[in-house]
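Morning, everyone. Please have the sequence and the model open side by side. I'll walk through the chain briskly.

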Amino acid sequence: MRTLRLRFRWRGRVNPLEDPDVGRERAGHILKAIFGRVLSFARSKSRFVPQLELFVGCSQIAWDRKTSKRAFCHVFHRPGRVCAAPELITVPINYILGVMIHEIGHVLALKTWGRSSERDADIAVLKFLGINLEYRSDLVLEWVSNRVVEQVLRGSR
Ligand SMILES: [Zn+2]
């Protein structure tokens, strides 16, 4: 049910970037629901993915966003947590999932190789989750294909 609502929400919009009029609290709820899907997908692919929570509204990201428009998420700020900016809701779902999956890649890379550069994270995503992250848009942001979006939001394996 939740999946259907999310899909409907995103399918109806040509460019969500032009419609940022979503309350911060609502953005937080939607992003957490999406992250729940991403995490259960990732955990179904690899037993090395730990339980994680999404924290929306990290003040450090808000600060980073003053100088970098592509600062939407980070990890390792607090244990067991991925932080996100509510503004992440304003980019298309392919990027939302790409960014979240990339953060999980950081956790996987550190856990298995003891290091976690941007490239290490993407390699971990490919190796453990079978997902090829691309970098697209003016923001050079992590992006996944529609096929991956379907897989993750539907919960199919
Ligand atoms: Zn943070």
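Start with residues 1–18: pLDDT stays under 50 there. pLDDT is the predictor's confidence in each residue, from 0 to 100. For that stretch the model has 14 contacts beyond four places in sequence. A contact means two C-beta atoms, placed from the backbone, within 7 Å. Over the protein chain, pLDDT averages 88, and 85% of the residues score at least 70.

Two ground rules. Residues are numbered from 1 along each chain as its sequence is written. This is a predicted model, with local features needing pLDDT of at least 70, side-chain atom pairs counting only at pLDDT 80 or more, and totals for chains, interfaces and linings using all residues.

Now the overall layout. The protein chain has six helices and five strands. Those are DSSP runs, numbered from the N terminus: helices are H or I, at least four residues, and strands are E, at least two. From the N terminus, the order reads α-α-β-α-β-β-α-α-β-β-α. Of the 157 residues, 36% are buried. Buried means 20 or more other C-beta atoms within 10 Å of the residue's own; exposed means 12 or fewer; partly exposed lies in between, and C-beta atoms are placed from the backbone. Take the contacts between residues at least 6 apart in sequence: 63% of them join residues at least 24 apart.

Next, the sheet. In what order do the three strands of the open sheet run? The order is β1-β3-β2, and the pairing is mixed. The edge strands are β1 and β2, residues 73–75, and each pairs on one side only. From one strand to the next, the twist averages 25°. Pairing here needs at least two DSSP bridges between two strands.

Take the β1 side. β1 pairs with β3, residues 81–84, in the parallel sense, over four bridges. Glu 53 stands opposite Arg 81 in β3. β1 itself covers residues 53–56. In a regular strand, side chains alternate between the two faces of the sheet. In β1, Leu 54 and Val 56 make up the covered face, while Glu 53 and Phe 55 make up the uncovered one.

Now the β2 side. β2 and β3 pair in the antiparallel sense, over three bridges. Cys 73 has Ala 84 in β3 as its bridge partner. For Val 75, the partner in β3 is Val 82. The two strands, β2 and β3, form a hairpin with five residues between them. Look at Phe 76 in that turn: its phi is positive, about 75°.

On to the helices. α4 lies across β2 and β3, running at about 15° to β2. How do α2 and α4 meet? They pack at an angle of about 50°, with axes 10 Å apart. So α2 is oblique to α4. Axes are lines fitted to C-alpha atoms, for helices over the stretch in contact, and angles run from 0 to 180 degrees between N-to-C directions. Under 35 degrees counts as roughly parallel, over 145 as roughly antiparallel, 65 to 115 as roughly perpendicular, and the rest as oblique. Which residues touch? From α2, Ile 34, Phe 35, Val 38 and Ala 42 meet Ile 96, Leu 97, Met 100, Ile 101 and Ile 104 of α4. α4 spans residues 93–113.

Gly 23 sits in the loop between α1 (2–11) and α2 (24–45). Is Gly 23 buried or exposed? Gly 23 is exposed, because 10 other C-beta atoms lie within 10 Å. Its C-alpha is separated by 9.9 Å from that of Glu 87, 64 residues apart along the chain.

Last one: Tyr 135, in strand β4, residues 134–136. Tyr 135 has 14 other C-beta atoms within 10 Å, so it is partly exposed. Leaving out residues up to four places away in sequence, Tyr 135 touches Val 140, Leu 141, Glu 142 and Trp 143.
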